[in-house]
Amino acid sequence: MTSSHTTSKKYRARWIVPLCSPVVHDGVISIVEGRVAAVEPYQGQTDLIDLGDAAILPGLVNAHTHLEFSDLAAPIGTAGMSIADWLPEVVRARRLQQLTQDQRMAAILKGIDEVVRDGTALLGEIATKPWPYEAVAAQQSLASGSDLRIVGFCEVLGLSPGRSQEMLDWADTQIADGGNDRIEFGISPHAPYSVPPALLEACIDRARNHSIPLAIHLAESLEERRFIESGDGPLRETFESLGLPGLEQYPLAISIDQMIQRVATTPRGLLVHGNYLSADEIQSIASHRQRLSVVYCPRTHAFFDHAPHPVADLMAAGVRVALGTDSRASNPDLDLWNEVRHLLLNRQDLDPRDVVAMATLQGADALGQPNYGRLQPGSDGQLFVLRTAARTEASLWETLLDAQPTNLLGEL
Ligand SMILES: [Zn+2]
């Protein structure tokens, strides 16, 4: 991947995939000052770099990460375990590690290097207190000359008022600060099992008042649904064993469908996971499709051995679906193209064109970043390049799994 700030470059390739317009066969893309200036057919243009058997895509969009876990060499726990069993493992692992602030920051910066190396141009990051965004911004400029853009969702949670107020205050400070030219802030009420309705409303207020995006983990597991709806089950047992306060607030008086309706009052809501959405809830999301998106994390979904994800039903209902890696606590790496590959291998009911759109255009729109995830004049000029032998557009999509991501442009 590359960005060319002070230069103007033209690349020719057998395929250009703008996402927002039809695929161009034997095309030329011009990048000026880090932005796309033109996408057009090859017509004898000169002074260009010919990439030959390649497809040029926009830089990828990873709509959901927790970079603070980027120091992990392997996921926490074992594949196939339940969320109720996994959460205490995460708590235990982090207690054992006793990360200092410097180590925690190093993990976040390591994650930034990793996503940039893998071709990500735009990131939706769950930012937890304290999140060193000035250091992150400095690292962004160092990382491979990349212009990674981050939407940092300030995470808020806590079943006791003291804890949650402290987090809200921190989120308010970050939001008031407003970020910088590479980072902007949103807010993330963590999940219905860690965020009581009053706290969710406080986050919704902030999203509305500041016109910022809101991300919430929702309908991730059956245990979560049971705890919210009945107040019992494995998640309650886990929380009791961890000694969490505030469990008397469950079951909640508000349903998941009502939460969806409330999040739909914000300008931009990202419902992360959505592994166990009912048909009615999918319809609710679809009725607010301008404002709501679902973020699907395919390999994390597979790690927990969930029932098949309703991604096809969501898309059939017209819901925007973005892709995320989630964190290295439940995924071996942060490479978004590996999520695409996973879907091409395991969800052959999905059209590869839709899968690529989820990894680019849909993610950018979910995050409210219309200059990313597409190639058109004015959009971000960081490119994701695949080596492919495809000679027809049909075979480009049919053989997408064989296409090899390359950092060729970064070396030019
Ligand atoms: Zn997450």
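**Packing inside the model**

Biologist: What does Trp-337 touch, leaving out residues up to four places away in sequence?
Modeller: Keep in mind that this is a predicted model. Trp-337 touches Leu-57, Leu-60, Val-356, Phe-384, Leu-386, Leu-400, Ala-403 and Pro-405.

Biologist: And how many residues are in the largest nonpolar core?
Modeller: That core has 103 residues. Trp-337 is among those with the most contacts inside it, along with Trp-86, Trp-131, Ile-187, Leu-271, Ile-285 and Met-358.

Biologist: Which helix gives the most to this core?
Modeller: Helix 5, residues 197-210, with six residues.

Biologist: Where does the core lie relative to domain 1 and domain 2?
Modeller: Between them, because domain 1 (8-58 + 375-411) and domain 2 (60-366) both give residues to this core. Apart from it lies another core, of 17 residues, including Val-151, Leu-270, Ala-364 and Tyr-372.

Biologist: Back to helix 5. How does helix 4 sit against it, at what distance and angle?
Modeller: The axes of helix 5 and helix 4 (residues 161-177) come within 11 Å and cross at roughly 10 degrees. The two helices are therefore roughly parallel to each other.

Biologist: Which residues make that contact?
Modeller: Helix 4 uses Ser-164, Leu-168, Asp-172 and Ile-175, while helix 5 uses Leu-199, Ala-202, Cys-203, Arg-206 and His-210. They divide into five nonpolar, two polar and two charged.

Biologist: New topic: what about helix 8 and helix 9?
Modeller: Helix 8 (residues 256-263) packs with helix 9 (residues 279-286) at an angle of about 5 degrees, their axes 10 Å apart. That makes them roughly parallel.

Technical notes:
Residues are numbered from 1 along each chain as its sequence is written. This is a predicted model: local features need pLDDT of at least 70, side-chain atom pairs count only at pLDDT 80 or more; totals for chains, interfaces and linings use all residues. Side-chain values use heavy atoms; hydrogens and water are left out. A nonpolar core is a set of buried Ala, Val, Leu, Ile, Met, Phe, Trp, Tyr and Cys residues joined through side-chain atoms within 4.5 Å. Buried means under 20% relative accessible area, exposed over 50%, partly exposed in between (1.4 Å probe, protein chains only). Helices (H or I, at least four residues) and strands (E, at least two) are DSSP runs, numbered from the N terminus. Domain bounds come from an automatic or database domain assignment. Contact means heavy atoms within 4.5 Å. Axes are lines fitted to C-alpha atoms, for helices over the stretch in contact, and angles run from 0 to 180 degrees between N-to-C directions. Angles under 35 degrees count as roughly parallel, over 145 as roughly antiparallel, 65 to 115 as roughly perpendicular and the rest as oblique. Ala, Val, Leu, Ile, Met, Phe, Trp, Tyr, Cys and Pro count as nonpolar, Asp, Glu, Lys and Arg as charged, and the others, Gly among them, as polar.
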